[in-house]
Amino acid sequence: MNKFRTLDDVDVKGKRALLRVDLNVPAEDGRITDSTRIERVAPTITEIAGKGGKVILLSHFGRPKGRDPKESLKPVAAALSQIIGRPVAFADDCIGEPAEAAVAAMKDGDILCLENTRFHKEEEKNDPAFVAALARLGDIWINDAFSAAHRAHASTEGLGHRLPAYAGRTMQAELDALGKALEAPTKPVIAVIGGAKVSTKIDLLENLVTKVDALVIGGGMANTFLHAQGVNVGKSLAEKDLAATALRILEKAEASNCAIILPVDAVVAFQFAANSPSHAYGLDAIPAEGMILDVGPRSIARIHAAIDDAATLVWNGPLGAFEIAPFDRGTVQAARHAAERTKAKKLISVAGGGDTVAALNQAGVAGDFTYVSTAGGAFLEWMEGKPLPGVEVLKVK
Ligand code: AMP
């Protein structure tokens with residue numbers, strides 16, 4: 001990865017720092033239900049303010065079509081103020097008179113949150129006049145929103161061409177962790193990929209087989225691979241029309257010397273419901289009326305052994321229908337094993353994606369992984385090997 005500038009490369013004192021953060025927190029009826037995203041960016045905010053910079057926060061919130069009070073960032077700014085224990089001013093618009101007046105009133109070390117950037121349709125169009133209106137408010141631009149870095153929007157990318165650009169601390173930590181996982185990893189590298197469908201992860205699988213030494217395929221998507229290999233998967237979720245794609249991925253893996261680890265047994269139930277009776281079967285004996293809902297015990301043992309052989313692990317997607325007991329067992333056991341290896345300093349483990357974070361939390365091990373990315377789309381695009389516009393613009397050319 002090319003080098004990128006960070007807060008270590010700029011003296012923020014007295015400067016107006018436009019700080020792009022991801023304050024798109026889950027909320028119900030104006031109440032914030034999970035403030036993880038606010039907590040993640042709090043250190044960058046307090047560092048810049050502590051060094052005498054003027055912190056001007058930019059973020060999107062929801063998917064408003066034009067100005068919509070239900071998707072105002074005002075309550076989020078209040079929650080941020082509570083979390084960091086300092087006043088956070090608020091401006092009713094992110095450009096124009098309200099924003100300019102609020103910025104002009106700032107003293108060194110002050111924090112100001114501007115209204116939802118997506119109240120302007122020009123944000124998502126990366127419109128040059130809108131970028132210019134934002135750029136007037138700042139001396140420098142700091143991007144601390146990795147989770148929005150796969151979008152080339154005005155506040156996530158456009159500003160980086162208009163103002164000196166730096167990575168915030170959250171972005172820096174994310175890029176460092178991801179770099180260690182795939183760009184310059186300690187070998188051998190193993191990827192664990194699960195989830196419902198192959199169709200949403202074709203690019204990701206195709207990229208990974210060229211980069212990693214071993215690839216574990218689990219979850220519903222493994223059924224598509226097993227079907228392509230002639231296994232009768234009964235009534236399991238499987239994308240049978242993608243058999244040729246699955247075989248192509250297996251061939252590419254062989255050509256790239258990537259070992260593919262597919263399930264060798266499966267936990268099968270006859271109903272997709274919590275605690276429905278289930279049994280483990282070998283692949284030659286999956287009942288015609290049954291559904292594969294998790295990897296079986298012999299598969300788990302193989303996955304553990306493969307993790308033991310690896311120095312670096314990248315994980316996305318559950319190995320089974322982890323939301324319903326007991327079909328979380330494969331995911332939970334493999335996650336706990338990876339966490340133990342990480343704690344024993346034998347493994348660098350990086351995981352990401354919405355369901356993956358939920359699964360690791362369920363296993364009680366999210367804190368034991370080397371790094372867990374809460375970015376959904378951006379994490380997947382990074383795993384697909386695609387350049388992320390909001391990261392590219394930070395690189396030192
Ligand atoms: P994804 O969003 O692609 O990572 O998929 C996650 C979803 O895949 C979760 O909701 C799991 O319940 C589901 N899933 C994983 N394995 C299976 C399976 N064997 N059968 C049905 N759904 C599964």
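Helices, taken as DSSP runs of H or I with at least four residues, are numbered from the N terminus. In this predicted model, helix 1 (36–50) and helix 6 (169–183) each contribute at least two residues to the lining of the largest cavity. The count comes to 1 cavity of 30 Å³ or more, and the largest cavity holds about 140 Å³ of space. Its lining comprises 13 residues, with Arg 40, Asp 144, Ser 147, Thr 170 and Thr 374 lying nearest the centre. By class, the lining of the largest cavity consists of 5 nonpolar, 3 polar and 5 charged residues.

An open sheet of 6 strands is present, with parallel pairing and the order 11-10-9-15-16-17. Strand 11 (259–261) and strand 17 (371–373) each have a single partner strand, so one side of each is left without a neighbour in the sheet. On average, and with direction ignored, neighbouring strands of this sheet are turned by 15 degrees against each other. Within the sheet order, strand 15 (residues 312–316) runs parallel to strand 16 (residues 348–352) and is joined to it by 4 bridges; Val 314 stands opposite Val 350 in strand 16. Helix 7 (residues 202–211) lies across strand 9 (189–193), strand 10 (214–217) and strand 11, at about 165 degrees to strand 9.

The axes of helix 11 (residues 329–343) and helix 12 (residues 354–363) are 9 Å apart and form an angle of about 80 degrees; the two helices are therefore roughly perpendicular to each other. Helix 11 makes the contact through Thr 331, Val 332, Ala 335 and Arg 336, and helix 12 through Ala 359, Leu 360, Gln 362 and Ala 363. This contact has 5 nonpolar, 2 polar and 1 charged residues.

Notes
Residues are numbered from 1 along each chain as its sequence is written. This is a predicted model: local features need pLDDT of at least 70, side-chain atom pairs count only at pLDDT 80 or more; totals for chains, interfaces and linings use all residues. Side-chain values use heavy atoms; hydrogens and water are left out. Axes are lines fitted to C-alpha atoms, for helices over the stretch in contact, and angles run from 0 to 180 degrees between N-to-C directions. Angles under 35 degrees count as roughly parallel, over 145 as roughly antiparallel, 65 to 115 as roughly perpendicular and the rest as oblique. Contact means heavy atoms within 4.5 Å. Ala, Val, Leu, Ile, Met, Phe, Trp, Tyr, Cys and Pro count as nonpolar, Asp, Glu, Lys and Arg as charged, and the others, Gly among them, as polar. On a 1 Å grid over the protein atoms alone, a cavity is a set of points where a 1.4 Å probe fits but cannot get out, and a pocket is an open set with protein on both sides within 12 Å along at least five of seven lines; lining residues have an atom within 4 Å of a point. Grid points are joined across faces, edges and corners, and a volume is the space filled by probe spheres set on the points. Two strands pair if DSSP finds at least two bridges between them.
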